[in-house]
Number of protein chains: 2
Amino acid sequence: MEPQQRIQMTLTKTKKQKPNFAQLEFGRTFTDHMFVMDYSEDKGWHDPRIVPYEPITLDPAAIIFHYGQTVFEGLKAYITKDHEVHLFRPDKNMQRLNRSNERLCMPQIDEDLALEALKQLIALERDWIPTEKGTSLYIRPFVISTEPYLGVAPSTQYRFFIILSPVGAYYKEGINPVKILVENEYVRAVAGGTGTAKTAGNYAASLKAQEVAEEKGYSQVLWLDGLEKKYIEEVGSMNIFFKMNGEVVTPALNGSILEGVTRDSIIQLLKYWEIPVVERKLGIEEVYEAYKSGQLEEVFGTGTAAVISPVGELRWQDKKMIINDGQTGKLSQKLYDTLTGIQYGTEPDPFGWIVKVK
Amino acid sequence: MEPQQRIQMTLTKTKKQKPNFAQLEFGRTFTDHMFVMDYSEDKGWHDPRIVPYEPITLDPAAIIFHYGQTVFEGLKAYITKDHEVHLFRPDKNMQRLNRSNERLCMPQIDEDLALEALKQLIALERDWIPTEKGTSLYIRPFVISTEPYLGVAPSTQYRFFIILSPVGAYYKEGINPVKILVENEYVRAVAGGTGTAKTAGNYAASLKAQEVAEEKGYSQVLWLDGLEKKYIEEVGSMNIFFKMNGEVVTPALNGSILEGVTRDSIIQLLKYWEIPVVERKLGIEEVYEAYKSGQLEEVFGTGTAAVISPVGELRWQDKKMIINDGQTGKLSQKLYDTLTGIQYGTEPDPFGWIVKVK
């Protein structure tokens with residue numbers, strides 16, 4: 001049986017009013033429908049279905065509420081000027097979802113079925129994809145543990161959801177450098193922990209440092225390694241790149257860093273352009289030395305939400321680094337223009353990254 | 001207004017059939033009612049109420065499902081031979097709940113109100129407290145983030161619950177030593193992380209190591225520090241004590257270990273008995289050296305569920321330590337008898353630990 005035949009569809013009787021697509025806030029508005037699929041030990045994953053977007057009802061003892069056994073993904077759908085719907089490397093997200101499932105002792109999902117479900121849901125909700133420049137439809141697949149049981153053990157029941165949220169342009173007036181605080185007290189993740197998985201606890205752990213950074217006037221934190229607090233890991237919930245000493249450096253995947261899809265795409269683009277790029281262990285001290293000697297040219301975060309987020313200021317303890325005069329660097333801008341160009345279909349896609357939704 | 005006047009009560013119309021109290025499994029059966037209270041930014045905590053135990057209904061975008069912003073507690077109510085209902089140091093749990101709230105950027109709860117709510121709920125559910133030896137009513141207070149928002153930020157809405165579950169004796173035929181595997185790959189928590197908070201992500205992170213240990217025939221893992229994998233932290237979800245070289249040693253509260261209520265009670269009891277007890281950094285190598293020289297007398301975990309969990313075998317890489325011939329040690333047994341005696345009212349309570357429910 002083909003996956004597309006297996007997904008049941010129940011349409012909503014009362015469509016929501018669409019929001020003003022020119023004034024969308026991230027992650028607050030959701031479409032009319034969602035995809036749902038259940039897992040039990042005897043049936044495996046079953047009953048894949050598209051249903052009206054509606055509340056989830058769970059026993060108060062459901063494992064998700066107590067022990068956080070859950071994973072998620074984030075990607076986007078884009079409308080091109082030719083009115084096509086583009087997804088960007090969705091297979092990478094589904095692969096990572098399953099790697100996260102493995103780390104959290106959760107059952108593997110059929111990636112083809114998940115992708116087919118995603119396509120059918122987006123085709124149904126096409127009118128919800130905003131068309132203004134820089135806007136998109138944010139896609140949130142997630143799996144929660146639903147068994148009502150207070151023992152600390154993997155759940156025997158799960159539910160997989162895909163929900164959709166139209167989102168505005170991340171940068172309203174071109175990309176905009178941010179101020180970042182290097183975090184010296186709190187730790188996001190450590191090798192042997194869950195840092196490489198896209199799971200709730202990593203994000204809960206990050207809230208406190210983020211709160212402190214905001215109080216000090218910084219928009220995000222730069223995470224250092226949890227062992228020595230010397231080596232650079234991630235920025236906020238993005239990966240990070242440094243253009244310094246004639247090459248582009250990003251921390252190697254060391255067992256505590258999330259393997260970003262945008263990160264991988266940036267590395268591939270840089271190699272395609274024959275710009276030296278290296279994944280390695282990178283100390284904050286080394287970055288500061290490069291800054292002092294005038295060799296730190298650009299710093300930028302990479303992630304699905306912002307694509308490229310240039311860093312204009314990096315504060316490490318009492319040391320303040322102003323990068324590229326606080327302006328977006330040429331490479332950051334070129335990467336942003338090229339990646340978003342591929343996503344919106346205005347640039348060629350030599351890597352075969354785009355998946356079209358019919 | 002006194003707290004007890006403020007809690008609204010709605011009784012169930014259909015009481016559940018009580019389970020067979022002689023055959024209770026941990027954490028699977030729940031009573032007829034629960035306590036609920038809501039939080040919003042404008043009202044603070046409001047609408048405290050006892051209602052029928054019923055499913056929780058939340059938007060699929062609720063923060064709890066995505067970023068795990070949640071905290072919980074665990075304690076027990078006991079029936080004494082004089083038919084009184086005892087709580088054991090419940091104020092300590094409410095204090096820790098608030099410390100966890102602080103770490104997770106969640107609002108503080110009025111500890112007196114929470115304790116009053118707990119007492120009222122237990123008084124109402126008194127028939128659900130099993131009376132067989134070693135049985136009790138497990139109490140699970142927890143707070144979840146309910147705002148529907150996909151941005152990574154503290155929720156502006158929360159719900160606090162207390163649910164109750166009758167539980168059987170942890171040890172059906174006296175306390176029973178367990179086999180423990182020292183974990184060398186996975187990490188539970190690290191200083192700067194969330195290890196000192198009772199929050200979901202710590203437990204999700206522990207599932208994989210537990211799964212691997214069980215496959216190897218061990219019932220729990222002993223966590224080492226996440227930095228050097230040399231120093232002892234916790235065992236499973238319990239604190240751990242070593243009777244060695246003429247004193248009792250437990251790892252100091254170092255910023256990644258949960259501050260157990262049972263742990264604190266054990267330390268106080270040992271001091272009361274004038275048995276040398278010390279909280280300090282403790283290497284697994286040091287434990288092994290003590291074992292080799294015949295100075296490792298007893299090892300036991302401590303927690304609300306088991307009270308005392310003797311360790312009969314400790315495996316560290318290729319080294320196997322058989323402790324006290326695999327039998328429960330005298331001190332372990334005495335601590336268990338004394339603590340459970342205080343809890344069930346058969347032993348005096350010189351510390352004022354017992355809170356009676358009227």
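**How chain A meets chain B**

Between chain A and chain B, 21 residue pairs are in polar contact, both residues being at pLDDT 80 or more. A polar contact is a pair of N or O atoms within 3.5 Å; within protein, one must be able to donate a hydrogen and the other to accept it, and residues adjacent in sequence count only if both atoms are side-chain atoms.

Some ground rules. This is a predicted model, where local features need pLDDT of at least 70, side-chain atom pairs count only at pLDDT 80 or more, and totals for chains, interfaces and linings use all residues. Residues are numbered from 1 along each chain as its sequence is written, chains are lettered from A and ligands numbered from 1 in the order in which they are written, and side-chain values use heavy atoms, leaving out hydrogens and water.

Now the contact itself. 59 residues of chain A touch 59 residues of chain B; contact means heavy atoms within 4.5 Å. Together the chains bury about 4900 Å², 65% of it on carbon and sulfur atoms. Buried area is the accessible area (1.4 Å probe) that two parts lose on being put together, summed over both. Which three residues supply more of chain A's share than any other three? They are A:P60, A:F65 and A:L207, with 13% of the area that chain A buries against chain B.

Next, charges. Four salt bridges link chain A and chain B. A salt bridge is a side-chain nitrogen of Lys or Arg within 4 Å of a carboxyl oxygen of Asp or Glu. B:E102 meets A:K208 in a salt bridge, 2.7 Å from N to O. B:K208 pairs with A:E102, with the closest N and O atoms 2.8 Å apart. B:K208 sits in helix α5 (residues 200–215) of chain B and A:E102 in helix α3 of chain A, so this pair joins two chains. Helices (H or I, at least four residues) and strands (E, at least two) are DSSP runs, numbered from the N terminus.

Strands take part too. β4(A) and strand β4 (residues 56–58) of chain B run antiparallel, joined by three bridges. Two strands pair if DSSP finds at least two bridges between them. Here A:L58 stands opposite B:I56 in β4(B).

Last, symmetry. A rotation of 180°, with 0.0 Å of shift along its axis, superposes chain A on chain B (RMSD 0.0 Å). That is the relation of a two-fold axis. The same surface serves both copies: 100% of chain A's contact residues recur in chain B. Copies are superposed by least squares on the C-alpha atoms of residues with pLDDT of at least 70 in both.
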